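I opened this entry to record what I looked up in one protein model.

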Amino acid sequence: MNAPAPSRTASRAPVAGALDDAGVFWIRFDDPERKVNVLSTEVMNLLSDLADAARQAAPRGLVFVSAKPGVFLAGADITLFEKIATPEEGRELARRGQEIFGRFASLPFPTAAAVEGVCLGGGLELALTCDWLIAASTPKTRLGLPEVQLGIIPGLGGTQRLVPRIGLPAALDLILTSRTVDARRAEKMGLADEACPLELLEKRAQAYLARGKRVRKRKWRDLAARPPLSALPLSLARKGVLAKTRGHYPAPLAAIDAVGTGLARGLAAGLAREAELFGKLAVSEVSRQLVLIFFLKERFAKPPEGARTGQAFPKGAVVGAGIMGGGIAHLLASHGMRVRLKDIAPESLGKALSVVRDLDKKLARGSVEDRLRARQRMERILPTLDNTGFDTADIVIEAVVENLGLKRRVFAELEGVVRQDAILATNTSSLPISAIASEMKNPERSVGIHFFNPVHKMPLVEVIPGEKTSAQTTRDAVAFVLAVGKVPVVVADRPGFLVNRILLPYVAEAIRCFVDGAPIRAIDAALLGFGMPMGPLELADTVGIDVGAKVSHILEEAFGERMRAPGLMADMEQRKWLGAKTGIGFYTYGSGKEKKKSPNAALDALRAAPVGAHPSGPGTPGTEEIVDRCILTMVNEAARCLAEKVVATSDELDLAMVFGTGFAPFRGGLWRYATARGLPACRARLAELATRYGSRFAPADVL
Ligand code: 3HC
């Protein structure tokens, strides 16, 4: 029998409970005011009443379910966090939630969560209070505890109730990585008792009630979760977290602490510790910034009004089967699009397809469904040497080599082949969109859509309208980028657009620090210590010294001396020390699977006896000087970008830097960092650096 649905008109409550004829108490979430169900204050109050009502009703069993397709419960209401003023307030909020959840956990009759859609954070914590968890295997079903991504820890029992369910290593993995899992994987790891088709969800949940209360069977893995044996995995996890976060993110360490307390001293002590740590973290600066980033992303993740819908792009085409073209084709296919991948060279096509296949293998970790999906993805990519199939494409993305003449020709040719309303996009990273579209009859449908490398990993995509691009095309391009799961930021058609214009001088400054005597490892360690995801010299190697030098020249032509590439780069290019791709750059790379790298000692000789002209600064810079030289170079360029309206707002600038470069998210983004430090202070320090190192540090007027 299906759950009696509390009628929406009779009750506007976001959660309601009712006893059905078969003696099952159904608690159904369906917030009429929101797109997703969340644990708001109102919902928690209602749940508190429902826990008592359910106990009094003495039903055969209880089932939690949601009437919102695609959403079970998205966790606690994140907007509440900024209202928490003190750690004590945060602790009490968690304690009250734990107490309500505890009442569900201790009900004397069997309980089940029938999960379809996202079941995250507090949502999963509620499901974990149940005896049984049944998950519908729909594409939207995802279970996980993403709290550490927001700088907090699960505060409603998640650090305590997950370990007994799935074992210590798997629980730590879910909590520390914020990874979410689908229904099948949840079933495999024991998080869900069963993954079933949506149509059977409520029936299966009821069937589990007939099994009575859950009786925990002891498993071998439980031993590893008991002290003293648990000490080892906990300390390894702590070590791993410290190596990864360099102490910038306290939440994962706090989560390990709460898990450890529960294992050593039992549920009550574990919950108390969890609430205490939750309170402390909820008011921390790191959490405030991470929550800000979450809402920033949400704000710009909406298709602009009047744009085509995400479903308006069933077919795409990509011209140029290089690394970028192959990556873009893979992305489009992963989002259900059928893609034509064109190249004039059959061997390039073959290579691109094998790169896509390798990528698929890496991403599809073994399960039958994953492999099936990978195969379907591959089948959606159709290689071609001519324009076959281009006449039905909704969007064509050009990703041929960075050559203006060639790109112009490609655009002019495509115009005669594609549909009238198809978008013509270029993935150029350095050429003006307006120039590429200059020979088109209808340039209003041209636009830049700049993906970053590697496409499957980098969330940001710059959308660049050219001079003649129509507002409609720009809106549609933004909608398209959202439809393929990326974060779009609209930027002006200026050299380097936004991210590369800010990033290139930063990397160049790091290279100058090396020229001035700082060791390679010290430079990268300084910026990693600041919170960048990769050291700038390793980044230079990853991008390629030749590519970096080429873009620097373009930027120098446009903006003058401050963008000049250090002479050392030309020396490195001459020697073919181009970075990871030639096995040597600032680092030398081992050939094994690990690609172990060590600083290129031969570069020191080059620095001491330069082949080209290397400007040398006054003395070897220390950590603070390295960080200021590199980071303030970015701040200075960002200020110019804002003044020139390369990007409309500082919020979008921050979004672009966090999702395009991994700029320390816990600092809230580059501009937020600059304003927190104080713009006058940035200006003063830049002026000081300018007197020591030269005019490239001259503070931008707007500072
Ligand atoms: N709290 C408040 N608002 C939330 C929310 C939450 N937990 N989750 C989503 N929303 C809001 C979004 O901000 C958005 O609002 P808007 O339309 O006004 O901008 C709206 O709900 C719809 O969200 P999306 O547009 O993102 O919808 P999607 O379908 O694309 O994604 C989602 C849905 C996967 C649930 C995504 O919104 C998401 O990841 N939400 C955050 C989930 C999360 O981190 N939960 C953990 C919360 S912390 C917690 O539970 C602490 C506990 O342990 C004490």
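The entries below follow that order.

**Basis.** I worked from a predicted model, in which local features need pLDDT of at least 70, side-chain atom pairs count only at pLDDT 80 or more, and totals for chains, interfaces and linings use all residues. Residues are numbered from 1 along each chain as its sequence is written, and side-chain values use heavy atoms, with hydrogens and water left out.

**Domains.** I noted that the protein chain is divided into domain 1 (15–213 + 222–291), domain 2 (310–490) and domain 3 (499–697); such bounds come from an automatic or database domain assignment. Between the C-alpha centres of domain 1 and domain 2 I recorded 39 Å.

**Ligand site.** I counted Ala, Val, Leu, Ile, Met, Phe, Trp, Tyr, Cys and Pro as nonpolar, Asp, Glu, Lys and Arg as charged, and the others, Gly among them, as polar.

An N or O atom in the side chain of E125 is 2.7 Å from an oxygen atom of the ligand. For E298, a polar side-chain atom lies 2.8 Å from a ligand oxygen.

**Second largest pocket.** A pocket here is an open set of points on a 1 Å grid over the protein atoms alone, with protein on both sides within 12 Å along at least five of seven lines; lining residues have an atom within 4 Å of a point. The second largest pocket has a volume of about 700 Å³, a volume being the space filled by probe spheres set on the points, which are joined across faces, edges and corners. Of its 24 lining residues, Q160, R161, P164, R165 and R216 lie nearest the centre. Two or more residues each come from α2 (87–105), α4 (158–166) and α10 (250–265), and α4 gives the most, with six. The lining of this pocket has nine nonpolar, six polar and nine charged residues.

**Cavity.** On the same grid, a cavity is a set of points where a 1.4 Å probe fits but cannot get out. I found one cavity of 30 Å³ or more, and the largest cavity has a volume of about 110 Å³. Its lining holds 13 residues, with P505, R562, T633, E637 and R696 closest to the centre. Both α19 (499–515) and α25 (623–643) supply at least two lining residues. Seven charged, four nonpolar and two polar residues make up this lining.

**Backbone.** Most residues other than glycine have a negative phi, and most peptide bonds are trans. The peptide bond from N453 to P454 is cis, with omega near -5°; P454 is in the loop between β16 (446–451) and β17 (460–464). R246 is not a glycine, yet has a positive phi of about 50°. I placed R246 in the loop between α9 (231–245) and α10.

Methods. Helix = DSSP H or I, 4+ residues; strand = E, 2+ residues; numbered from the N terminus. Polar contact = N/O pair within 3.5 Å; in protein donor to acceptor, adjacent residues only side chain to side chain.
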